Amino acid sequence: MMRLDRLIGPALVVLCVTATLCAQNRSTRQLTVAGVTNLSAQPGSASAEVGNEVFIGPEVDEQFTKPQITGSISPARVSSAHVPTPNGSAFATTAGDIFSGFNAISHRDQRLANNGNQFSLEPPDQGLAVGGGFVVEAVNDAVRVFNSGGAALTETVALSSFLNLPPAINRSTGVFGPEPTDPKVYYDAPTQRFFLTTLVLGRNSGTGALTPPMKVYIAVSQTPDPTGNWTILNLDVTNDGGAFAACPCFGDQPLIGADANGFYVSTNAFGLATSSFSGANIYAFSKVALERASAGAITGVRFSNLTEAGMPFAFSIQPATVPPGGSFATKTEYFVSALDFNNTVDNRLVVWALTGTNTLNSATPNLSLVNAVVDTQSYGAPPQAQQKPGYFPLGMSLNDHEELVSSNDDRMNQVVFADGKLWTALNTSAKTPNGPVRTAAAWFILSPSLSGGAVSASVVNQGYIAIDDPNQQSVLYPSVGVNSQGKGVVAFSVVGLNFFPSAAYAPIDVNGTGAIRISGAGALPDDGFSGYPQFGGSNRVGRWGDYSAAVSDENGAIWMGNEYIPNAPRTVNANWGTFVGSYTPQ
């Protein structure tokens with residue numbers, strides 16, 4: 001539902017106060033302990049590709065139709081009507097920053113892991129966690145540990161082998177295995193443990209068709225050293241749908257967060273038969289129980305039938321994390337979601353509060369989930385991004401055009417609770433003073449509060465990061481990383497007719513954002529299989545994202561994980577890479 005009839009100005013709060021608007025179901029769910037794994041004791045990588053299979057999962061991470069509402073976006077243009085009109089951001093170099101970075105997992109690394117028993121995969125979904133001198137990156141269906149200097153401490157490990165699952169594809173026998181996707185990683189500073197989550201899609205071993213069960217896996221390191229042992233747990237989400245599509249379902253793009261007491265996962269459920277949106281879920285688990293689990297199962301709480309802003313559903317509800325040294329909200333976990341239901345333009349966010357999290361360790365947790373609408377600046381569904389012309393051997397061999405780069409939609413990206421505020425960002429359409437509509441980043445700093453069992457929030461600051469140019473230049477997939485002092489960065493990819501896909505960032509604090517810095521300059525166009533019709537791609541749009549990552553370490557430095565196209569060895573089917581950078585705010 002569009003809300004364009006109001007003046008954008010001081011934030012107004014609309015509380016969800018009626019039982020009809022806030023009706024939700026609550027039930028208990030079991031996380032089953034599935035074993036122990038070790039990141040250092042895994043199969044190595046193949047020296048070269050064998051076979052040429054690719055895997056494009058259900059494309060529901062992109063713009064999807066919400067129940068009873070439709071919207072569509074043309075490949076590289078959207079109408080300028082009502083879209084945000086920011087001025088362009090300045091550019092600066094990293095020369096004056098305390099900054100360093102290194103190449104991390106690439107498509108080639110991911111494809112050749114587990115002795116090559118992997119698929120070519122796009123987009124390069126990216127998770128990142130940093131703590132204790134370790135940097136853990138997960139991309140698509142692979143994970144690797146580095147030290148803070150960028151030296152690899154493990155091989156690139158297939159998530160299948162890490163989770164004690166069969167390989168995604170056994171290239172000797174042709175047998176298909178389950179497919180891990182949408183990984184996230186989190187470092188819990190108070191307990192010095194790493195958490196890794198991923199959706200695992202069940203597949204028919206003979207045909208590769210998606211089939212139940214569908215599970216969310218959670219792995220927790222047993223010590224502060226992520227190269228050692230981890231405990232594996234899984235949650236069967238096959239029947240965790242909503243009112244809008246029948247299950248069996250899969251819980252797409254698990255989003256994660258944590259407070260002092262709990263670990264939280266939210267999903268968008270889609271019906272397996274139709275890939276239609278079914279409903280959103282939030283799961284709450286005791287953090288201590290997860291870290292101490294050794295056998296059997298642990299019990300958590302599932303919230304379903306979630307609604308927001310007077311609509312009969314909610315989607316992409318992003319839990320918050322807290323940086324090392326930061327103060328957790330008292331007995332409360334916050335979440336934020338966006339409200340552009342029909343892929344056009346909106347000027348509201350929703351802040352959620354899960355209270356009573358201190359009871360998660362009890363036999364009968366006493367939790368309450370409420371939300372409130374917050375008036376904000378406008379944001380809207382972005383166009384796909386053009387990229388700089390260059391050499392693209394896969395597309396050229398297919399006699400195809402250079403592909404566009406996917407901007408996906410304007411759902412909420414990661415949320416940080418720091419300095420008593422919620423920091424977040426999302427993709428948006430934008431019309432700068434010069435040139436066509438392009439993709440930009442809209443960022444928000446919100447101040448939440450609780451009173452009488454209701455949550456409210458106000459806008460502390462907000463703005464855009466955009467590139468003003470006569471040609472289309474875009475900022476994609478922003479993630480905000482903030483330290484306990486409320487200083488950090490917005491990290492993102494930059495793509496445009498002047499830019500090969502590159503990694504970039506802009507500093508942020510409560511006063512706003514600084515100039516754009518290119519941290520990892522792209523060397524070539526994106527040339528991945530997902531943008532070509534011969535591989536089932538549509539609209540010649542190559543998948544990118546679906547998200548990036550930015551996190552603080554214990555010393556207040558901000559670590560960023562972003563996708564770009566390096567000048568490095570590639571596979572036949574894709575050439576994406578990732579760049580991990582570290583910036584110390586001043």
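Strand 35 (residues 558-564) runs antiparallel to strand 36 (residues 577-584), and 7 bridges join the pair. Keep in mind as you browse that this is a predicted model.

Gly520 sits in strand 32 (residues 516-520). Is Gly520 buried or exposed? Its relative accessible area is 4%, so Gly520 counts as buried. Setting aside neighbours within four places in sequence, Gly520 is in contact with Ser502, Ala503, Tyr564 and Phe579. For a sense of distance, the C-alpha atoms of Gly520 and Pro43 are separated by 30 Å, and the two residues lie 477 residues apart along the chain.

How many disulfides does a search of the whole structure find? The search finds 1, and it is formed by Cys247 and Cys249, whose sulfur atoms are 2.1 Å apart. The link of Cys247 and Cys249 is left-handed, with -95° about the S-S bond. The two cysteines compare as follows.

| Residue | Relative accessibility | Class |
|---|---|---|
| Cys247 | 31% | partly exposed |
| Cys249 | 0% | buried |

Buried here means under 20% relative accessible area, so Cys249 at 0% falls in that class, while Cys247 at 31% is partly exposed.

Finally, the nonpolar interior. In soluble globular proteins, nonpolar side chains tend to be buried together. The largest nonpolar core in this model has 73 residues, and the members that touch the most others are Phe263, Leu290, Leu306, Leu349 and Leu422. What does Phe263 touch, not counting residues up to four places away in sequence? Its contacts include the aromatic residues Tyr186, Phe195, Tyr283 and Phe285, and also among them are Ile218, Ile256 and Leu290. Lys287 and Thr197 are on the list of Phe263 contacts too. A second, separate core has 21 residues, including Val157, Val185, Trp230 and Ile232.

Notes: Residues are numbered from 1 along each chain as its sequence is written. This is a predicted model: local features need pLDDT of at least 70, side-chain atom pairs count only at pLDDT 80 or more; totals for chains, interfaces and linings use all residues. Side-chain values use heavy atoms; hydrogens and water are left out. Two strands pair if DSSP finds at least two bridges between them. Helices (H or I, at least four residues) and strands (E, at least two) are DSSP runs, numbered from the N terminus. A disulfide is a pair of cysteine sulfur atoms within 2.5 Å. Buried means under 20% relative accessible area, exposed over 50%, partly exposed in between (1.4 Å probe, protein chains only). A nonpolar core is a set of buried Ala, Val, Leu, Ile, Met, Phe, Trp, Tyr and Cys residues joined through side-chain atoms within 4.5 Å. Contact means heavy atoms within 4.5 Å.
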